[in-house]
Amino acid sequence: MSYGDFQGVITLVLMAIFIGIVLWAYSNRRKKAFDEAANLVFADEQDKQHKHKREPAQHE
């Protein structure tokens, strides 16, 4: 096996890994988990707003 053949094999392996990652990331099974992760920041802000609205009612 020459050095050129080795580079070709490595290129094919890396291409297969890349295609696998893209298919995994865009699969329908992962969409719900990625959507939940994308909205985590907004969920924290909504919780803070609900707590902020409730706190004045508790002091009254």
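Residues 6-26 are 95% helix and 0% strand, with their end C-alpha atoms 30 Å apart; helices (H or I, at least four residues) and strands (E, at least two) are DSSP runs numbered from the N terminus. UniProt, in an unreviewed entry, lists these residues as "transmembrane region", and such annotations may be inferred rather than shown by experiment.

The model is predicted, so local features need pLDDT of at least 70 and side-chain atom pairs pLDDT 80 or more, while totals for chains, interfaces and linings use all residues. Residues are numbered from 1 along each chain as its sequence is written, and side-chain values use heavy atoms, without hydrogens or water.

Now to the rings. The count comes to one aromatic pair (ring centres within 6.5 Å, using the six-membered ring of Trp; planes under 30 degrees apart are stacked, over 60 edge-to-face, the rest tilted). Trp24 and Phe34 form this edge-to-face pair, 5.6 Å centre to centre with 90° between the planes. Because Trp24 lies in H1 (residues 3-25) and Phe34 in H2 (residues 28-38), the pair ties together parts 10 residues apart in sequence. The charged end of Arg30 also sits over the Phe34 ring, 5.3 Å from its centre (CZ of Arg or NZ of Lys within 6 Å of the centre and within 35 degrees of the normal).

| Residue | Relative accessible area | Class |
|---|---|---|
| Trp24 | 46% | partly exposed |
| Phe34 | 32% | partly exposed |
| Val13 | 43% | partly exposed |

Terms used: Buried < 20%, exposed > 50% of the residue type's maximum accessible area, 1.4 Å probe, protein only.
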